[in-house]
Amino acid sequence: METSSLVSNLYVFVLATFLGFEVIRRVSPLLHTPLMSLTNAISAISLVGSLVILGKQGGEINLFSILGALAVTASMINVVSGFLITDRMLKMFKSRTGGKTEGGAR
Amino acid sequence: MSNPILTQTSYLIAAALFILALKWLNAPKTARKGVWAGEIGMAAAIVGTLLLPEIKAFHWIVLTLLVGAGIGIPIALLMPMTAVPQRTALSHCFGGLAAGLVGTAEYYLARSQHGGHLDHFTSGVLALEVLLGYLTFTGSLMAFGKLQGILPSRPITYKGQNFVNLGILAMAALIGIALAIDPTQAGLAGGVVGQLMFPLLILLALLFGVFLIIPIGGADMPTVISLLNSYAGLSASAMGFVLDNKLLIIAGALDGSSGFILSVIMCKAMNRSFTNVLFGAFGQVQTAVAGKVEAKPVRSAQPDEAAAILGMAQSVVIIPGYGMAVAQAQHKVRDLCDQLTKRGVDVRFGIHPVAGRMPGHMNVLLAEADIPYERLLEMDEINPDMPQVDVALVIGANDVTNPAARHDKSSPIYGMPIIDVDKARTVMVIKRGMSAGFAGIENELYHMEKTLMLFGDAKQYVGEMVKELASGD
């Protein structure tokens, strides 16, 4: 990696971390479980890296395509189950006024 | 990088949507919009990746994506809500595995294809990615085993444990540094030893994950799960550095900071320092205390008496704990809540941050039982009201209600913030028997004069109280 792209990547990392702190500090403890499953689904973005490894092999079966295939499967499980279960949980949070996840400041 | 504009644009959109997803998650009314944003972002990222010229064949990709979805959909839809902590541990496990495997593939690809292509920084970050990925994999697997009851949930400790753990970590770190200095390690003993460096790193990481988690007991799981969440995120971020992919860096950093914040919150709620967590030394549980406890008197009551007292109260606060989840009592608790509300009793819930096995565990269970979320109050919100509360009903919680945390300096939980149930006018505790809590300490709450012990299975006991209240109409 060139030094310039390394430095800009470090900037991105540091800024994203601070942004993460600011955004996530505001999440109500009420929703900490859905928060964890959503961030889990989001970090399954490692699917992107897995796809490149698998796709690069052009359908050949070798060490790399096996590692890539396992990684794609593992990440895809997280993508699908992470988003679905987060939504399933959030659907259950109902306000006293009856609206599903509408309204309801404390 | 020769990524086409289209791919880069889709990554940028995905990054923005992920940030919005977390922003919208901060309140229940916008939270589901957040999930949508995340899903669209993820779809954009996948499509963008498939457009890359490097991707030469699609049949394996389509097959593995389908297999992944085929496993993921039933996990998400069929898993009971009480098993959410296990599912979370399992997903950290898959996330760590993916990062570890990609890191392994990247290392050998770089070695096989273009000899010295790996520069020092990339190689060092690769080692970090592999270390974090594989330790999250086995660590989360152990956490899953403990939560699922496959492994004993009590801490497994032995002499010199911290020494062994730190030793393994130090060796792994040394190998990481060696790989950063000389990425292919060709120079070492004719390359034979060098060949073994990377596999050894993988092995150490796998071992460290196991050793890190076995000394940790069930009640410490909220911290552990948050910490593993953070590691899974950081390993994704490290992958982003290796692949020079900013979307991975951003998404991983968001997950890493989220897990970090949650573990700090969990630490504060247990009065443990953060260094304590980082070094994984939070399994030292006081085991020897039980046994020499004198038989102090307790007052117990039958369901009909307890129901009568609850029915006459003006305000009731229910304090749920892991015991409620184990007994699957949340639906009965909701019936109790309904019966009392019908009689004009004000029912609220006081939720300690570490109640249950993961952050927010109790909230999800009570939401599943259709209890409106305005009734679910955090510890700091409910504590000022406790002196005005007629009945505090503790269901399956123990240490988080122990007044010794406030005044007994010799107690292992001294300084831990608790829900002040002892300040309520009457206290009721549903419990199977008089056994001590996770920390192995006697709860003086049970011997107070205003405390009524309700011995029995939470689900059954609450059910009987509901029947009693319903027949009294």
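**Asking why: charges and patches in a predicted model**

Me: Why is B:D422 called buried?
Reply: This is a predicted model, and in it B:D422 has a relative accessibility of 10%. Buried means under 20%, so B:D422 counts as buried.

Me: What makes B:R406 and B:D422 a salt bridge?
Reply: Their side chains come to 2.6 Å, N to O. The cut-off is within 4 Å, so the pair qualifies as a salt bridge. The two residues are 16 residues apart and link distant parts of the chain, with B:R406 in helix α16 and B:D422 in the loop between α16 and β5 of chain B.

Me: And B:R406, why is it called partly exposed?
Reply: Its relative accessible area is 35%.

Me: Which salt bridge crosses between chains?
Reply: One that does joins A:D87 to B:R32, with the closest N and O atoms 3.0 Å apart. The pair runs from helix α4 of chain A to helix α2 of chain B.

Me: Is A:D87 buried or exposed?
Reply: A:D87 has a relative accessible area of 14%, and buried means under 20%, so A:D87 is buried.

Me: What makes the negative patch negative?
Reply: The patch gathers B:D304, B:E305, B:E464 and B:E468 on the surface. Asp and Glu count as negative, so the patch is one of negative charge. Helices α11 and α17 of chain B each supply at least two of its residues.

Me: Why can B:D304 belong to a surface patch?
Reply: A patch residue needs over 30% relative accessible area. B:D304, which lies in helix α11, has 39%, so that condition is met.

Me: Which residues make the nonpolar patch?
Reply: A:I61, A:I66, A:L70, B:W60, B:L63, B:V67 and B:I71 make this patch of about 620 Å². The largest share, four residues, comes from α3(B).

Me: Why is B:V67 called partly exposed?
Reply: B:V67 has 40% relative accessibility. That value falls between the 20% and 50% limits, so B:V67 is partly exposed.

Key:
Residues numbered from 1 in each chain as written. Chains lettered and ligands numbered in written order. Predicted model: local features only at pLDDT ≥ 70, side-chain atom pairs only at ≥ 80, totals over all residues. Heavy atoms only, no water. Patch = residues over 30% accessible without salt bridge, like charges linked within 9 Å, V, L, I, M, F, W, Y side chains within 5 Å. Areas by Shrake-Rupley, 256 points an atom, 1.4 Å probe, with all protein chains shown as cover. Charge placed at Lys NZ, Arg CZ, Asp CG, Glu CD. Buried < 20%, exposed > 50% of the residue type's maximum accessible area, 1.4 Å probe, protein only.
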